[in-house]
Structure formats: structure tokens, C-alpha cells
Amino acid sequence: MANLADENKFFADVCKNFDSAAQFTNHPEGLLNQIKTCNSVYRFQFPIRRGNGFEVIDAWRVEHSHHMSPTKGGIRYSEMVNEDEVMALAALMTYKCAIVNVPFGGAKGGIKINTKQYSVAELETITRRYTTELIKKNFIGPGIDVPAPDYGSGEREMSWIADTYMTMNPGQLDALGCVTGKPIALHGIRGRKEATGRGVAYAVRECVEVAEDMAKLGFKAGLGDKRVIVQGLGNVGYHSAKFLSEFGATIVGLCEFEGAIYNPDGLNVDEVFAHRKNTGSILDFPGATSFKNSMEGLEQDCDIIVPAALENQFTELNIRNIKAKIIAEGANGPTTPEAEAIFTEMGGIIIPDMYCNAGGVTVSYFEWLKNLSHVAFGRMENRYAANSNANLINTLENLTGKTILPEHRLMIVKGASEMELVNSGLEDTMIHSYHEIRETLMTKPGTKTLRTAAFVNSIDKIAVSYMNLGVWP
Ligand code: NAD
């Protein structure tokens with residue numbers, strides 16, 4: 001877990017990874033420094049009324065890179081959040097967007113609270129006041145900076161943000177595009193909630209499909225025989241586990257802050273989720289071994305680990321105890337550079353956060369496009385496609401005298417729904433980006449890790465944007 005000693009290390013770690021990759025590019029040092037630096041760091045405090053008195057809340061919004069507008073990134077609600085962390089997460093957003101070809105600069109927000117200690121009304125007050133402070137400084141808007149959910153926040157908080165922004169910007173036609181991750185009723189997009197976890201599952205599937213890479217780990221290609229441990233049963237962790245098991249992997253371990261459970265025969269993620277809801281803990285799930293120390297859960301036998309909680313989970317102190325050969329970073333920054341060096345030396349593969357968890361921002365981009373175009377994907381074409389397909393099938397049946405089975409007809413005839421279009425766009429993005437990164441790894445000698453290769457691609461794309469902006473000669 002992050003501790004005080006780590007407090008000023010996360011952004012430095014991101015910069016260290018950037019520097020390792022920068023040596024494989026040909027850009028001038030000044031341009032590299034411009035890409036690396038945080039363009040705007042806004043730290044603010046505001047009061048809320050609590051009980052009989054007041055409490056002052058610490059908050060941040062960091063816009064890491066203005067090479068594209070708007071900037072984009074989630075808001076973290078956590079008592080451990082600090083300026084260094086928000087800067088690091090904002091920087092990761094810049095690189096992430098470039099990797100998956102989403103035309104945004106990176107940003108991140110932080111509100112330093114433990115959400116469990118506040119009532120819903122207080123959380124609403126905090127979120128609305130935070131939004132107001134951003135509006136006052138021009139740090140939010142569909143063409144300026146577009147927040148999204150992160151650790152400790154979700155659809156509910158995003159709808160408060162949207163409502164506050166719309167109230168203070170009456171008549172602004174594109175106002176709903178000021179934030180993503182909204183509920184469907186507020187013009188969010190189908191598939192956004194599960195997008196990050198679904199994207200993690202696509203990333204892992206793509207990685208294990210490459211027979212040549214799996215052979216080096218002593219694995220067969222494919223997910224069918226892979227055993228997975230997931231840390232964090234929140235949005236990213238739950239959906240990663242759910243989709244990985246849908247794609248054929250076996251979830252053998254789950255870790256939460258109260259402890260961990262392990263069953264080599266497999267765990268049903270929804271049953272564990274229900275057990276936690278009923279008992280308040282994942283511990284004592286029937287048939288599984290329980291560990292009070294959550295970290296012990298990560299050290300159990302498995303092939304793949306998906307950290308999906310917080311940063312700095314794997315350090316030089318614990319990485320050698322990890323049995324998995326693949327770490328798929330659902331969370332941002334779960335592996336320190338020191339731990340990565342050791343894990344790579346041990347022969348392991350890390351699917352880096354900046355690619356692995358990019359499903360969220362990819363579908364947020366689709367939501368933003370939906371808000372700007374004011375129409376749901378598929379709404380205009382769905383019925384037309386279904387009718388055209390039906391006409392085609394009818395004509396074929398008439399010409400051939402043969403009849404297609406009703407279930408086949410249904411499959412061929414139907415038009416694509418918003419959810420299907422979103423998932424297909426996400427799947428395509430994750431597949432394409434994985435192979436783009438792997439291609440760099442294979443063709444640039446010395447890059448050694450998928451993270452370095454991902455950074456190289458990202459730096460190259462951002463450098464081109466700066467040059468096209470005329471900022472650099
Ligand atoms: P969340 O709040 O929904 O879930 C986090 C979960 O982790 C919670 O269930 C929490 O109890 C658990 N947890 C906390 N400390 C833990 C510990 N020490 N051991 C095990 N479990 C622990 O948050 P989330 O949105 O799922 O985000 C998780 C990570 O994924 C963060 O690093 C976030 O930045 C990253 N991320 C999230 C998104 C997104 O769309 N939500 C997108 C990209 C990256």
C-alpha cells in the first residue's frame with residue numbers, strides 16, 4: 001500500500017518510466033521535457049458544514065498536457081490522495097489517451113476524503129462545491145477538461161457534477177459533455193461502467209493469445225487454462241474478474257482490503273460479491289481458504305494477477321513472492337519501477353496500466369462523442385439495418401426456395417445496439433493497441449518491456465501533435 005514515504009514518488013516513477021522510453025525516440029530534450037511536465041496544477045480547499053461546525057476539504061485538479069483539448073481524467077475520492085498522486089495519474093492519462101488514439105490531453109482530480117465517513121448528502125455537497133470551484137477557474141467544460149469516475153467515485157457523483165455544470169451554464173448546448181461516466185438516464189453510454197474491466201479482459205486475452213510469448217513463460221496460448229487472482233472487487237476488479245471468467249479463465253483468488261480468499265478450483269465472482277454484500281467481507285466464503293492479510297492472497301499460486309485497487313502494491317520488497325508470470329495492471333501504478341525490473345528479470349510480463357486499463361477512457365470518449373452529437377449510437381441506423389437485412393434474407397429465401405432457421409434469421413437481421421457498438425469499438429481499440437505496442441517491443445531493440453514500448457509509442461504520437469500545433473519547429 002502507499003505510505004508516507006511513497007508520497008512523493010509516484011510522479012517521479014512515471015517520469016522514470018518516461019525517461020527509460022525517451023532514449024528510444026529522437027525528439028529534442030526540450031520537447032521531451034514539455035511532454036513530461038504537468039501543465040497546470042490547481043490545489044484548492046473549501047469548507048462544508050458538518051454537524052455543528054465546518055470542515056475544510058483538500059482537493060486538486062491537474063491538467064497534465066494541453067497538447068490536445070479537452071483534457072480528460074477521473075476524480076479520485078480517497079483520504080490518501082495527495083498532489084503527487086494526482087500529478088502522476090494525470091500524466092498517465094496523457095500517455096494512455098495517446099496509446100489508444102483518444103484525442104484528449106491527460107488530467108486527474110482528487111478529493112481528500114474517506115467516503116465511508118460521509119453521508120450521501122455530505123458527499124453531494126462536496127461534489128457540487130468541488131465542481132463549482134472548477135467552474136470558477138475554467139477547469140471544467142466539454143472543450144476544456146472532462147472528469148470521469150475513478151477510485152471512490154461513480155455514476156452518482158458524475159451526475160451531480162453534470163447537474164452543477166448545467167445549472168451554472170444555462171443554455172450551453174454541449175453541457176452534458178462536461179463529464180463522462182454518467183448514468184444512462186443522464187445521457188451516459190451503455191457499457192461505460194464495465195468498460196475498464198472489460199478492456200482489462202481484452203488486454204489479457206490478447207497477450208495470452210500470442211503463442212510465441214506464452215511459450216517463453218512455459219504457457220500454452222489462450223485463456224482456457226489460466227488461473228487468475230484479482231485484487232480489489234470494485235468497479236475495475238469486479239468487471240475484470242467477471243469478463244476474464246466469461247472468456248474462459250478461472251478466478252482462483254480475490255483480495256480486498258479486509259483480506260483475501262483463494263480456491264484453486266475456482267471462485268464464482270458474483271457469488272463472492274453477494275457474500276460480501278451480505279456479510280460485509282469476502283472472508284469465510286464457502287469452499288475457499290481465507291487470509292486476514294490481504295497481501296498474502298496475492299502470493300498464492302496462479303498464472304495471472306490483476307491488481308485493481310491502488311498504486312504501489314508490488315515493490316522490490318514483495319515482488320519475488322509473486323507466483324504469477326503475468327501482471328495485468330487494472331489499477332494505475334500498482335508496480336514500482338524497481339519491482340518491474342525484478343519481475344522482468346524473473347521472466348514475467350507486465351501488461352502496463354497505461355494500456356491495460358485504457359478501456360474506461362476509450363468508452364468515455366464514445367460517451368463524449370454521443371453527448372456532442374446529441375444522439376445515441378445506432379439510433380438512426382438500427383431499424384434501417386434490420387429492415388434491409390430482412391429484405392435481403394427474404395429475397396434469398398425466395399430465390400433459393402430454402403428457409404433460414406429463425407434463430408439464424410434473428411442473428412443476421414438485427415441492427416447493432418449502442419452496447420454492441422461500444423463493445424466492438426472497445427474490443428477493436430484494445431486489440432489494435434496491444435499489437436501496436438508489441439510491434440515496437442519487437443522492433444526496437446532494448447525496449448525490453450511492454451511499458452517502455454507503450455511509452456515510446458505514446459511519446460512519438462504526442463511529439464507529432466506538438467509539431468502539428470506549430471509549438472515546435
Ligand atoms: P473502486 O473504488 O470502484 O474499487 C476499488 C476497490 O479496491 C474497492 O473495492 C476497495 O475496497 C479495494 N481496495 C482498497 N484497498 C485495497 C487493498 N489494499 N487490497 C485490496 N483491495 C483494496 O475503484 P476503481 O474505479 O475500481 O479503481 C481501481 C483502480 O483502477 C484505481 O487505481 C483507478 O485509478 C484505476 N482505474 C479506474 C478506472 C475506472 O474506470 N473506474 C479507469 C482506469 C483506471
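**Entry 1. T196**

I began with T196, which is buried, its relative accessible area being 10%; the cut-off for buried is under 20%. The model I consulted is a predicted one. I located T196 in helix α6. I then listed its contacts, setting aside neighbours within four places in sequence, and found V236, N357, G359 and G360.

**Entry 2. The annotated pair**

I looked up the record next: an unreviewed UniProt entry lists T196 and N235 under "binding site". The two are spread over 40 residues of sequence, yet they cluster in space, with a largest C-alpha distance of 8.1 Å.

**Entry 3. N235**

I placed N235 in helix α8.

I turned to the strands. Which order do the seven strands of the open sheet follow? I read the order as β9-β8-β7-β6-β10-β11-β12, with mixed pairing. At the edges I found β9 (289-291) and β12 (349-351), each of which pairs on one side only. Neighbouring strands of this sheet are turned by 15° against each other on average, direction ignored.

Helix α6, residues 192-209, lies across β10, β11 and β12, and runs at about 145° to β12. Helix α8, residues 235-246, packs on the sheet and touches β6 (227-231), β7 (250-256) and β10. The direction of α8 makes about 170° with that of β7.

**Entry 4. The whole chain**

I counted 17 helices and 12 strands in its secondary structure. The C-alpha atoms fill a box of roughly 75 × 60 × 60 Å along the principal axes. A compact globule of 473 residues would have a radius of gyration near 23 Å; the chain has 23 Å, and therefore agrees with that expectation. I noted that buried residues make up 57% of the 473 residues. Of the contacts between residues at least 6 apart in sequence, 68% join residues at least 24 apart.

Methods:
Residues are numbered from 1 along each chain as its sequence is written. This is a predicted model: local features need pLDDT of at least 70, side-chain atom pairs count only at pLDDT 80 or more; totals for chains, interfaces and linings use all residues. Side-chain values use heavy atoms; hydrogens and water are left out. Two strands pair if DSSP finds at least two bridges between them. Helices (H or I, at least four residues) and strands (E, at least two) are DSSP runs, numbered from the N terminus. Axes are lines fitted to C-alpha atoms, for helices over the stretch in contact, and angles run from 0 to 180 degrees between N-to-C directions. Contact means heavy atoms within 4.5 Å. UniProt positions are given in the numbering used here, feature names are shortened, and annotations may be inferred rather than shown by experiment. Buried means under 20% relative accessible area, exposed over 50%, partly exposed in between (1.4 Å probe, protein chains only). The radius of gyration is taken over C-alpha atoms; the globule rule is 2.2 Å times the number of residues to the power 0.38.
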